[in-house]
Structures are given as C-alpha cells and as structure tokens.
Amino acid sequence: MVPQDLRYTREHEWVQVTAPGTVRIGITGYAQQQLGDVVFVQLPDLGARVAAGQTLGEVESTKSVSDIYAPLDGEVKARNDELDGTPELINSDPYGKGWLVELGSVDEAAVATLLTPADYTELTEQG
C-alpha cells in the first residue's frame with residue numbers, strides 16, 4: 001500500500017510536508033519489508049545540514065545495514081528518538097510512528113520533483 005498524500009524517492013524514502021518549508025521523512029513500507037526486522041537506527045544530530053542525496057543515517061536489520069539518503073536539502077529540526085529503544089516501529093508503522101527525521105528550510109518546489117505515489121508504485125512493481 002502506497003499512501004497517496006506523500007512523495008517518494010527511488011531510494012525508498014517517503015516525504016510528507018508538515019508545515020511550510022518543513023517535511024517529515026521515513027522509509028517506505030516496501031523498504032522495511034525488504035530489510036526485514038529493523039534492530040538499530042542511526043539518525044543525524046539536530047541542527048545538521050543535509051544535502052539531497054547525502055547519507056542521512058543508517059538502518060540496520062537482521063539482514064543488512066542500509067543507508068538512508070536525504071531526499072531534499074534542509075536542516076534537521078526533529079528526530080524520532082523513540083526509535084532508539086524501539087527501532088521495530090519502522091516495521092510496524094513505517095508511515096506513522098516509524099518516521100525518521102523532520103527537515104526545515106526545505107525548498108517546497110523541490111518536493112514537487114519527487115516521485116508521485118503512482119510513480120513509486122510503478123517503481124516497486126518493476127523491482
């Protein structure tokens with residue numbers, strides 16, 4: 001299931017606009033299924049500046065370690081510290097309680113360049 005109110009990346013991150021210039025980021029349901037049981041998450045520090053395509057953190061599962069990539073340029077305004085003790089939230093609720101970070105100072109026009117739900121569905125069906 002691909003939520004229709006989000007944008008997506010080819011690296012399987014989702015992006016939700018939460019306020020003007022602010023987005024919430026997580027990994028998709030498809031990605032968490034491919035990873036298997038998530039056992040550890042490394043997130044960037046608050047205030048860190050990130051550039052689109054840059055490594056934002058890591059997700060470690062029972063199968064592998066995968067990088068998380070910043071879908072947009074911005075500054076880390078919030079991080080989901082609940083994942084420190086319960087990283088499995090990414091598996092159980094990837095679009096809700098399993099979110100990763102919020103970025104501020106985001107160019108809203110850049111959000112529109114990300115994959116639409118239909119584009120992402122097509123990508124994952126080919127994969």
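Reply: Gladly; in this predicted model, Gln-16 has Arg-24 as its bridge partner in β3.

Me: How many bridges join β2 to β3, and do the strands run parallel or antiparallel?
Reply: Strand β2 (residues 13-19) and strand β3 (residues 22-27) run antiparallel and are joined by 6 bridges.

Me: And what is the strand order in the open sheet?
Reply: The open sheet has 6 strands in the order β1-β2-β3-β9-β8-β5, with antiparallel pairing. At its edges stand β1 and β5 (49-50), each with a single partner strand, so one side of each lacks a neighbour in the sheet.

Me: Back to Arg-24, which ring does its charged end sit over?
Reply: The ring is that of Trp-99, and the charged end of Arg-24 lies 4.1 Å from the centre of that ring.

Me: Switching to aromatics, how many aromatic pairs are there?
Reply: The count comes to 2 aromatic pairs. One of them is Tyr-8 with Tyr-120, which is stacked, with 4.7 Å centre to centre and 15 degrees between the planes. This pair links distant parts of the chain, since Tyr-8 belongs to strand β1 and Tyr-120 to helix α4 (residues 117-126), 112 residues apart.

Me: Are Tyr-8 and Tyr-120 buried or exposed?
Reply: Tyr-8 counts as buried at 0% relative accessibility, and Tyr-120 is buried as well, with a relative accessible area of 1%.

Me: Why is the pair of Trp-14 and Tyr-95 called tilted?
Reply: The ring centres of Trp-14 and Tyr-95 are 6.1 Å apart and their planes stand at 45 degrees, so the pair is tilted; planes under 30 degrees apart would count as stacked and those over 60 as edge-to-face. Because Trp-14 lies in strand β2 and Tyr-95 in the loop between α2 (89-92) and β9 (101-104), the pair ties together parts that are 81 residues apart in sequence. Trp-14 counts as buried at 1% relative accessibility, whereas Tyr-95 is partly exposed at 25%.

Me: New topic: what is Ser-61 in contact with, beyond its sequence neighbours?
Reply: Leaving aside neighbours within four places in sequence, Ser-61 is in contact with Leu-35, Gly-36, Asp-37, Val-38 and Val-39. Ser-61 is found in strand β6 (residues 55-61) and is buried, with a relative accessible area of 6%. A polar atom of its side chain lies 3.1 Å from the backbone nitrogen of Lys-63.

Me: Last one, where does Gln-4 lie?
Reply: Gln-4 lies in the segment before β1 (7-8) and is exposed, with a relative accessible area of 61%. Its C-alpha atom is separated by 5.6 Å from that of Pro-117, 113 residues apart along the chain.

Key. Residues are numbered from 1 along each chain as its sequence is written. This is a predicted model: local features need pLDDT of at least 70, side-chain atom pairs count only at pLDDT 80 or more; totals for chains, interfaces and linings use all residues. Side-chain values use heavy atoms; hydrogens and water are left out. Helices (H or I, at least four residues) and strands (E, at least two) are DSSP runs, numbered from the N terminus. Buried means under 20% relative accessible area, exposed over 50%, partly exposed in between (1.4 Å probe, protein chains only). A polar contact is a pair of N or O atoms within 3.5 Å; within protein, one must be able to donate a hydrogen and the other to accept it, and residues adjacent in sequence count only if both atoms are side-chain atoms. Contact means heavy atoms within 4.5 Å. Two strands pair if DSSP finds at least two bridges between them. Rings of Phe, Tyr and Trp (its six-membered ring) pair if their centres lie within 6.5 Å; planes under 30 degrees apart count as stacked, over 60 as edge-to-face and the rest as tilted. A charge sits over a ring if NZ of Lys or CZ of Arg is within 6 Å of the ring centre and within 35 degrees of the ring normal.
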